[in-house]
Amino acid sequence: MELLAGAGRPGSRPEAPEDHHSVSTGGIGGVPRPGAGALRLVESRTCEPQTVDVSGYVCAVASHCPFLLPSVARRLTGWTVYEISESARPMEVEAEVFHAGVQAAEWIRPLTTQPHGTLVCENIVLLGGRAATPREVMAWPHWALKHLYGPVGLMFGKFWAGEEGTDRQGRRIPVPPFSFLTARCAIRSLDPRFLTDTPDLARSLSTAVDDGRTVFQGLPYEWKAVKKWASSLLSPHQPLPPPMRPAAHRSS
């Protein structure tokens with residue numbers, strides 16, 4: 001399972017979507033974000049959050065993720081906790097989740113070449129959400145982020161509170177007690193197998209090299225435009241066809 005594989009250094013990383021990242025994000029820092037404020041910072045980045053209980057979940061997940069405990073032992077798994085504003089529209093929340101994901105990714109990129117770089121990971125916890133649930137507002141940002149950053153060797157995952165599932169060996173995966181988006185360094189020899197539904201992305205990830213490029217490459221840093229681009233890819237919400245029903249019998 002590709003959960004939680006480590007995080008950046010504690011301390012200097014900006015903690016709220018309203019803050020501008022201290023590392024280069026391709027000139028995106030000054031772009032206005034109409035949705036700013038849709039996420040409220042609850043707890044700044046920390047390895048030991050107090051507003052959500054991660055310890056039991058981390059212990060339960062460790063048997064599914066061999067990188068997790070080494071990462072935690074080196075204090076490389078970071079958590080930042082946000083609450084979804086009750087007055088925010090879903091599109092605004094999506095925009096801020098995407099922005100938080102970009103900040104996490106750009107923080108991680110230079111750390112992947114450092115010692116223990118394969119353990120680098122950032123986790124963005126989302127609490128609340130009545131008009132816009134965390135599961136709903138993570139879907140498109142996750143889809144866009146993994147396609148933008150896969151080619152430079154980063155993986156994104158999303159987990160929502162109460163999610164049930166099994167791993168590749170058929171073992172039950174511990175149910176997350178909260179919803180979160182995770183970004184981490186990809187393991188090129190292993191992670192493409194998690195991308196069987198997106199073979200082009202799997203191939204790109206398997207040979208990924210971070211050459212410092214701007215991942216947007218002409219795409220405006222504006223969520224409406226990014227979401228439109230992301231929706232041109234295979235949809236993360238492929239609707240199921242309606243069930244086939246037997247033809248009604250005609251009375252003779």
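## A first look at this chain

Gln217 sits in the loop between α5 (199–206) and α6; helices (H or I, at least four residues) and strands (E, at least two) are DSSP runs, numbered from the N terminus. Welcome to a predicted model, in which local features need pLDDT of at least 70, side-chain atom pairs count only at pLDDT 80 or more, and totals for chains, interfaces and linings use all residues. Residues are numbered from 1 along each chain as its sequence is written, and side-chain values use heavy atoms, leaving out hydrogens and water.

**The chain as a whole**
- The protein chain has six helices and five strands, arranged along the sequence as β-α-α-β-α-β-α-β-β-α-α.
- Of its 252 residues, 49% count as buried (buried means under 20% relative accessible area, exposed over 50%, partly exposed in between; 1.4 Å probe, protein chains only).
- Among contacts (heavy atoms within 4.5 Å) with a separation of 6 or more, 79% join residues 24 or more positions apart.

**Two loop residues with positive phi**
- Gln217 is not a glycine, yet has a positive phi of about 45 degrees; Gln217 is exposed, at 61% relative accessible area.
- Arg75 lies in the loop between α2 (68–73) and β2 (77–84).
- Arg75 is not a glycine either, and its positive phi is about 55 degrees; Arg75 is partly exposed, at 42% relative accessible area.

- Ala230 belongs to helix α6 (residues 223–231) and is buried, with a relative accessible area of 0%.
- Leaving aside residues up to four places away in sequence, Ala230 touches Trp140, Trp143 and Ala144.
- From Ala230 to Leu145 is 85 residues in sequence and 9.0 Å in space, C-alpha to C-alpha.
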